[in-house]
Amino acid sequence: MIKKLLTMFAILAMAASGTASAATDANGAKNDEKVPRITLNNGVKMPQFGLGTYALDDRGTAYNAVLTALTNGYRHIDTAHAYQNEKSVGKAIKDSGIPRKEIWITSKLWPTEYSNAEEALTKMLDRLGLDYIDLVYLHQPVGEYMKAWDALVKAQKEGKVRAIGISNFDRVEKLYDSFIAEVKVKPQTMQLECHPYAQRKHWQEKLKADNIQQENWFPLGGRESRGAILKDETLEKIAKAKGKSIAQIIIRWHIQEGFSVIPGASNPDYIKENIEVFDWNLTDEEMETIRGLNKEQLFFNPPAESMERFYLNRKLPD
Ligand SMILES: NC(=O)c1ccc[n+]([C@@H]2O[C@H](COP(=O)([O-])OP(=O)(O)OC[C@H]3O[C@@H](n4cnc5c(N)ncnc54)[C@H](OP(=O)(O)O)[C@@H]3O)[C@@H](O)[C@H]2O)c1
């Protein structure tokens, strides 16, 4: 009798959490996932949308944001060694109780680690509490990035990393060109600043031609923009007409352009709002109107030389 009751209870619990009906494929994708996945050039499927964690501290903010995100259907988290919050990200993932393979985790190696990237990756896995990472980027195009790339290729072959990418290589186009010409294994993704005020038309074409998935940082303009795009009158009109927030209109624009997008948020209401963009569409006309806002205005654009010095001098604690 007790055994029968326990079995019934288990079935009811599974049905309530939706696991009874949702099959999981080899990529960790469930058939009831909120966010679509895009196929990268090595066949791996990445959730197109995720949570950015830049500037979310390790003293509770990052942990709470990641847990809120995962509870609300996010399955993709973007962190970096430089954000100094990987431990919190890893802990929130563990505490969420969601099977590891359903979640896409991205992190980034910092330039001071490039000369010993293999060891840096081991330390990264330790901080995250994981035995593999879905995507690892070279965070900046400075220092010994070629050496680090070889280490990432090796880690990918060994199954420690599923996809490898480059970040901010748009800042020095010649360097991007020679990197792509030289490497035997091409990046799966590239991260760069992109939003309605800097749509990066040139890079959109270039990355498409190179079959590299574009993933956008500062998708809402970032904190440095002081909310400039979130106050845009044209976007406000579209948002009002559709009964959506301006942030949702911007995120939906990224999605319909085919970008991967990782808006950052610590406010739980923003986190919940930002993922509610997958059951409605912008019309072709609305997409064109938003494309018309482009002025290629970057919100983070320091001179490449001063950045190089700064990045190479910034030693991060393990
Ligand atoms: N590869 C790189 O070099 C690089 C550089 C920068 C960023 N990134 C990655 O890209 C992610 C996204 O960039 P980001 O976080 O800097 O900028 P962002 O996503 O453009 O903007 C984040 C800001 O928008 C606010 N926000 C979020 N949702 C909102 C909403 N629905 N309504 C109003 N405001 C909202 C957030 O507020 P609250 O915090 O108050 O919630 C935060 O101040 C980062 O978190 C990081 O993971 C990568």
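**Reading the fold**

Q: What does the radius of gyration of the protein chain agree with?

A: The radius of gyration is taken over C-alpha atoms, and the globule rule is 2.2 Å times the number of residues to the power 0.38. For 318 residues, a compact globule would have a value near 20 Å; the protein chain has 20 Å, which agrees. This is a predicted model: local features need pLDDT of at least 70, side-chain atom pairs count only at pLDDT 80 or more, and totals for chains, interfaces and linings use all residues. Residues are numbered from 1 along each chain as its sequence is written.

Q: Is strand β7 mostly covered or uncovered?

A: A residue is buried if 20 or more other C-beta atoms, placed from the backbone, lie within 10 Å of its own C-beta. Strand β7 (residues 161-167) is mostly covered, with 7 of its 7 residues buried. Helices (H or I, at least four residues) and strands (E, at least two) are DSSP runs, numbered from the N terminus.

Q: In which sense do β6 and β7 pair?

A: Two strands pair if DSSP finds at least two bridges between them. Strand β6 (residues 133-138) pairs with β7 in the parallel sense over 5 bridges, and Leu 135 stands opposite Ala 163 in β7. From β6 the chain crosses through helix α5 (residues 145-157) to β7 in a right-handed β-α-β crossover; right-handed denotes a clockwise path from the first strand over the helix to the second, with the strands pointing away from the viewer.

Q: How many bridges join β7 and β8?

A: β7 and strand β8 (residues 189-193) pair in the parallel sense over 3 bridges.

Terms used. Buried ≥ 20, exposed ≤ 12 C-beta atoms within 10 Å, placed from the backbone.
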